[in-house]
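Dear colleague,

Please find below the structure that I am handing over to you, together with its sequence. The notes that follow set out what was found in it.

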Amino acid sequence: FRIMAGKVKWVTDIEKSVLINNFEKRGWIQVAENEDWNFYWMSVQTIRNVFSVETGYRLSDDQIVNHFPNHYELTRKDLMVKNIKRYRKELEKEGSPLAEKDENGKYIYLDFVPVTFMLPADYNLFVEEFRKNPSSTWIMKPCGKAQGKGIFLINKLSQIKKWSRDSKTSSFVSQSSKEAYVISLYINNPLLIGGKKFDLRLYVLVSTYRPLRCYMYKLGFCRFCTVKYTPSTSELDNMFVHLTNVAIQKHGDDYNHIHGGKWTVSNLRLYLESTRGKEVTNKLFDEIHWIIVQSLKAVAPVMNNDKHCFECYGYDIIIDDKLKPWLIEVNASPSLTSSTANDRILKYNLINDTLNIAVPNGEIPDCKWNKSPPKEVLGNYEVLYDEEMAQGDGPERDPRSRSGQSTGAKGNRARDLGKPVLTTWK
C-alpha cells in the first residue's frame, strides 16, 4: 500500500484520461509508475483512513498525500464559518486593525462571508435575524454534501419548521430533521453577465500551513447558470436560475455542451475592464486574493500541518453588482472531471503544475524538504502568500496586524491594487 506522488510527465494520455474520468468514482487511482514507486490521487475518505488512529498507518519520508488530515476545518461549510468567526474574535481581542468595525457594527475588512447560522443548533438566533428583515431570502445547504445536492432557498419561516424545537419537550422534533445544515443570507444582487448569474471557481494550492505558503492558479473559470436570473419569489425553486454547479446545470434544456457554460477568468477580467474600468477590476481581484488568504489564516491554527501533506482547494466566489466578492465555500476535492475540451486541458495542466510543486524535478518525494520550489516549476501557479517572506519584511509592517497587512487611514487598506501577487497586505 503505497501513497506517493510522481510527476505527470511519466503519465500517458490514456492514464491521464483514467485520472480525469474516474477520480470521483474511486477511492484512489494508480496513475503512474516509475521503478518501485507509484502515485495515487486520494479521496478525502481514503485520507481519513490513512490518518485514522485505528488503522495504525505511518507514512515514510518518501510518501506524500494530497489532503491535510483535518482539511474539513476549511471545507465543511459549517466549520469554515465557525473558524472565520473565531478568527475575527481573536483579532478583535488582539486589537488588530483588521477587526475594525463601522458605525453599524459590521467588519470593514473581514466581512466576506454572508450572514450564516447552523441548523438546528442556531435556529433561535436565525429566527431573530430573519425577523429583522422578513422579506429576505436565505439559502439552505447540507454541511457535508457537494455538487448542489440538498440545496434550496426559503423566504418564510414555515418552510424550515422541521429544524425548530418542539416547545413541549425542548428537544429537536425528530432524528431525521437533525441533519446539519447551514443557512446563509442569499446574495440576491449578484453581478449578472448576459442577464445570468455566475460564480468563480478558483484553485488554490497550500503546501504548508505553518508557515502558511499558498499559490493561486491563474486558469480559474466562471460557471454560468443556463436560465436568466430573477429575484422573483416565484422562481425560488428553479435551481437553473440560482445554482451555478455544473452537476445541476448540465441537466438543463439550455445547457451548452461545447462551452459548458464556462468562461475563463481572463475573459472575465477583460469584460470588467471594458465595462467598469481597469482600476476597479484590479481592486476586485485583489479583494478576492485578500479573502482567500484570510480564510487560510483563519484555519491555520487548527489545521493538522502534517509534513506529508499538500492540498489543492477549489474556492467558490460570488461577485455582487457592487463588485464586492463573497466567499461561498471551499472544496476539498474540486472536480477533476472535464465537461468540455478546454476543461480537460485546464485540468491536465492543473494536475501537472500541482505535482511539479509538490514533488519538484520529478524526484522521489521527500517530506522534509523546505517546500519552497523554484519559480520556473510553478507553471500556471503564482505565489499568493508566503508567511516567512511577509514576516521578513519586518519594520514596514504594523506590529499589531496578525496578517502582516499594512493599514493606512481609517477605512482604507494600504494595498497595491495593480499588482495582485505583490500586494502590500502580504
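Two strands are taken to pair if DSSP finds at least two bridges between them. Helices (H or I, at least four residues) and strands (E, at least two) are DSSP runs, numbered from the N terminus. The model is predicted: local features need pLDDT of at least 70, side-chain atom pairs count only at pLDDT 80 or more, and totals for chains, interfaces and linings use all residues. Residues are numbered from 1 along each chain as its sequence is written, and side-chain values use heavy atoms, with hydrogens and water left out.

**The chain as a whole**

The protein chain has eleven helices and 14 strands. Of its 426 residues, 53% are buried, where buried means under 20% relative accessible area with a 1.4 Å probe, protein chains only. Among contacts (heavy atoms within 4.5 Å) with a separation of 6 or more, 68% are between residues 24 or more positions apart.

Strand E4 (residues 138-142) pairs with E5 in the antiparallel sense over three bridges, and Trp138 stands opposite Ile154 in E5. E3 and E6 run antiparallel and are joined by four bridges; the bridge partner of Met118 in E6 is Val182.

In a regular strand the side chains alternate between the two faces of the sheet. In E3, Thr116 and Met118 point one way, while Phe117 and Leu119 point the other way, and all are buried.

**Helices across the sheet**

Angles run from 0 to 180 degrees between N-to-C directions, and axes are lines fitted to C-alpha atoms, for helices over the stretch in contact.

Lys77 belongs to helix H4. Is Lys77 buried or exposed (over 50% relative accessible area)? Lys77 is buried, with a relative accessible area of 8%. Leaving aside neighbours within four places in sequence, Lys77 is in contact with Lys141, Pro142, Cys143, Lys145, Val182 and Glu329. Lys77 and Gly144 are 67 residues apart in sequence, and their C-alpha atoms are 7.3 Å apart in space.

Helix H8 (residues 265-275) and H9 pack at an angle of about 140°, with their axes 8 Å apart. That makes H8 oblique to H9, since angles under 35 degrees count as roughly parallel, over 145 as roughly antiparallel, 65 to 115 as roughly perpendicular and the rest as oblique. On the H8 side, Val265, Leu268, Arg269, Leu272 and Glu273 meet Lys278, Thr281, Asn282, Leu284 and Phe285 in H9.

The 22 residues of H9 (residues 278-299) should span 32 Å at 1.5 Å a residue, and the end C-alpha atoms are 32 Å apart, which agrees; the expected span is 1.5 Å times one less than the number of residues. H9 is mostly covered, with 18 of its 22 residues buried.

Helix H10 (residues 341-358) has 18 residues and reaches 26 Å from its first C-alpha to its last, close to the 26 Å expected. The buried residues of H10 include Leu346, Tyr348 and Ile351.

Yours sincerely
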